[in-house]
Amino acid sequence: MANLAAAVAIMLALRLGGGELVVRTAFGVLLNLLVYLNNDWHDLEDDLVASTRDRGKTEYLAAHRGAAVRAQLGLLGLLGGFALVWGGGLGWPLVLGAGICAAYSAWLKRRPFVDVAAMMAWGVAMPAVAVPPGCEAGWWLLGQLALFSGVFETIQVLRDRDVDAKRGIRTTAVVLGRGRTELLARGLMIASGAYAAWCFHPGLVVLPMIAALLPIPAVKVEAYWNRVRMLLGPTLLLECALVYWRAGTG
């Protein structure tokens, strides 16, 4: 649920009032519950045969499929009503965030190139709960999150490449192969650094560029993924700090 943490950071950077902060955070929590329940529901059959998954949670969901559908419909109705009553641009994060997640879980994650593009769009839609209409600085931060999401999705499909290939799933990493997928990940990191330098401050190019130079291991990709997070996460926090400071001095 890193998107929720990013959304809170953006709200603080934009200096939103306490009421807005509480309402938008609550909306983000409910939206995350909806999309992750929907993802688990779509992945249920795969998770039942995967030995690495949480068996207890998966078996509970399998035994309560109807309740899971009703819970999703209930959350969708609650969020829709919430967005209509409060306004503030919350409707489109609901439509796009939930819509992209459902499409990704059902089809798009098995489509090469579309899988990465969909997660980049999702990386904007979910934390957009933080940005009220008219907050231009928030959109620049969301653009950075789109690039970061592309990086993380590329690493994920690279990690799962061998398993996906054996199961006949054609992800970006399966189609491109390991070498070109690594180049794609590095290219997105370089693009992230260029974006940070151009939109926020030249010094912010450093951490994404370090991430782009890290060696990508053939095994234990999860540890590499965490190292990349430790470089890109502080980049976003520094950008938020700059936005906060500029809003106070503007």
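Visitor: How many aromatic pairs does a search of the whole structure find?

Guide: Rings of Phe, Tyr and Trp (its six-membered ring) pair if their centres lie within 6.5 Å; planes under 30 degrees apart count as stacked, over 60 as edge-to-face and the rest as tilted. In this structure, a search of the whole finds five aromatic pairs. Please note that this is a predicted model, in which local features need pLDDT of at least 70 and side-chain atom pairs count only at pLDDT 80 or more, while totals for chains, interfaces and linings use all residues. Residues are numbered from 1 along each chain as its sequence is written, and side-chain values use heavy atoms, with hydrogens and water left out.

Visitor: How far apart are the ring centres of Y36 and W122, and at what angle are their planes?

Guide: The centres are 6.3 Å apart and the planes stand at 85 degrees, so the pair of Y36 and W122 is edge-to-face. Y36 belongs to helix α2 and W122 to helix α7, 86 residues apart, and the pair thus links distant parts of the chain. Helices are DSSP runs (H or I, at least four residues), numbered from the N terminus.

Visitor: Are Y36 and W122 buried or partly exposed?

Guide: Buried means under 20% relative accessible area, exposed over 50%, and partly exposed in between (1.4 Å probe, protein chains only). Y36 is partly exposed, at 33%, whereas W122 is buried, at 12%.

Visitor: Which kind of pair do the rings of W140 and Y195 form?

Guide: Their centres are 6.5 Å apart and their planes at 45 degrees, so this pair is tilted. W140 lies in helix α8 (residues 136–159) and Y195 in helix α11 (residues 178–199), so the pair ties together parts 55 residues apart in sequence. W140 is partly exposed, with a relative accessible area of 39%, while Y195 counts as buried at 18%. Ring pairs also link W140, Y195 and F200 into a cluster.

Visitor: At what angle do the axes of helices α2 and α5 cross?

Guide: Axes are lines fitted to C-alpha atoms, for helices over the stretch in contact, and angles run from 0 to 180 degrees between N-to-C directions. The axes of α2 (residues 18–42) and α5 (residues 65–86) come within 10 Å and cross at roughly 150 degrees. Angles under 35 degrees count as roughly parallel, over 145 as roughly antiparallel, 65 to 115 as roughly perpendicular and the rest as oblique. The two helices, α2 and α5, are therefore roughly antiparallel to each other.

Visitor: Which residues make the contact?

Guide: Contact means heavy atoms within 4.5 Å. Among the residues involved are F27, L30 and W41 of α2, together with L75, F82 and W86 of α5.

Visitor: Where is S105 found, and which residues does S105 touch?

Guide: S105 is part of helix α6 and, at 1% relative accessibility, counts as buried. Leaving aside residues up to four places away in sequence, S105 touches N38, N39, H42, D43 and R110. The C-alpha atoms of S105 and Y36 are separated by 9.8 Å, although these residues are 69 apart along the chain.

Visitor: Which loops hold F113 and K220?

Guide: F113 lies in the loop between α6 (91–106) and α7 (114–125), and K220 in the loop between α12 (206–213) and α13 (221–249). F113 is not a glycine, yet has a positive phi of about 70 degrees; K220, also a residue other than glycine, has a positive phi near 55 degrees. F113 counts as partly exposed at 45% relative accessibility, whereas K220 is exposed at 71%.
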